[in-house]
Amino acid sequence: MKLRLDLRRDPRFLTCPESGCRPARAPMAGGARRRSGLHAVCGAFFLGVLAVASCLAPPPARAGEADPPAQAQPSAAPPAAGGPATASDARLAGDAQRTRLVIDLDRAVEFHAFTLAEPYRVILDLPEVAFALRPESNQLKRGLVSAYRFGVFAPGKARMVLEVTGPVAIDKAFVLDPVDDQPARLVVDLVKTDPDTFARTAARSAAQRVAPPVTPIVPPEAGDARPVVVLDPGHGGIDSGTTGYSAFAEKNVVLETALAVRELLERSGAYRVVMTRSTDTFVPLGERVRIARAHRADLFVSFHADALARGEGQARGASVYTLAETASDADAAHLAEKENKADLIAGVDLSDETDEVAGILVDLAQRETRNFSALLARSLVGAMKSTVRFHRSPLKSAGFRVLRAHDVPSVLVEIGYMSSKDDLKLLTSPDGRGRIAESVVAGINQFFAQKASGLHAAADDKAAVPR
């Protein structure tokens, strides 16, 4: 039997609490028919009002009726009244054939819904929305939805990504205006479908997709010959990174760390500093690389924090990674695989992206670029070891997409484990972040000093980067 959820009939989505909905009354006894004339007139008037209201109300959906077109149905929304809309709750209902997502909002908004493959996902693009959902909301799963996440996608734009169990179709997507004390509701109905139908629908919806943001490139002032340092706080916006089962999100921890590094570098006056992001917004991996290359960066440092899943034991300490075709160990390979999924997490369509890895790694074979990256990694480890505890193997390598700028010395710094109480205390305290920032700046200073003196030329190729 096909399950059809209806907001008017499903008690979970009634617009009045069950305690306030009147039950139907039984037929009156014969004595009750003897009413006064005034009561009869009032009753007739009341019934007439109900009849008119029922004519104006939209009828409930019936089997066999055509559903409204899916895939990006903009709803009429009032102008924004002083700031973003607020999403206060999200819930799922249904089964493995049909699943409904409902989001409570303080006002109606326009949105677009579309699908992506590899893996199967449903994307909701919204205007700026402040998500004030319960902490457990992003862990809900039911029916066709195995997980979902939400956050800032670009300035003035929010996004929700639904991971689904297989090919689905967007049967309905609409917004209900607020009524009385009930909030506005964004509703998306998903139904199971076959891969061919999914592919055709996804192709039709391609034009509705919001392009990932492109960061404007600000050229240096004339005569400014200072080295360019690009700082890259990982994740951001809809991509929160890891939490290590704590109350902190990786995206915020690494952003605060990178901002502390920027402040010290700019205060020195020796460098021109560029941030791939300075707020809680999403930046695709390829865009981060483009920013570094467009600014002709002299070095690129990407900041991240790691975490172990529950049951995987205990680990703590920082690590510094360079790019290599073959990972230095299994842990490095696993981390690179996880970090390279950032664009998928944010709902970016990668179907048109070409595989540039082979060509990039050929370019990396150039001794200078490869050795400069290794020199930067060693300089950071040497300067940071007095401040942070390092993992048992502090220098590692793997195929990180964010390090693929073949003409920019690039490293990825895992500043600690979010799943370690000791590391988390250091990473989340202003004093701890300040000490990390000071040691990173010392490592950058050491890198440029050694680069200027030509000491890197004596570096052994095997020590430069594990292959």
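Modeller: The buried residues of helix α2 pack against strands β3 (112–116) and β8 (168–176), where packing rests on contact, meaning heavy atoms within 4.5 Å. Helices (H or I, at least four residues) and strands (E, at least two) are DSSP runs, numbered from the N terminus. This is a predicted model, in which local features need pLDDT of at least 70 and side-chain atom pairs count only at pLDDT 80 or more, while totals for chains, interfaces and linings use all residues. Residues are numbered from 1 along each chain as its sequence is written, and side-chain values use heavy atoms, with hydrogens and water left out.

Helix α2 covers residues 195–204, and its buried residues are F198, T201 and A202. Buried means under 20% relative accessible area, exposed over 50%, and partly exposed in between (1.4 Å probe, protein chains only). Seen down the axis of α2, these buried residues fall within an arc of 100°, so they line one face of the helix. The arc is that of the directions from the helix axis to the C-beta atoms. An α-helix has 3.6 residues a turn, so residues three or four places apart point the same way. On the other side of α2, D196, A203 and R204 are exposed.

V164 has a relative accessible area of 9%. Leaving aside residues up to four places away in sequence, V164 touches Y120, R121, V122, L144, V145, S146 and L190. The C-alpha atoms of V164 and V145 are separated by 4.5 Å, although the two residues are 19 residues apart along the chain.
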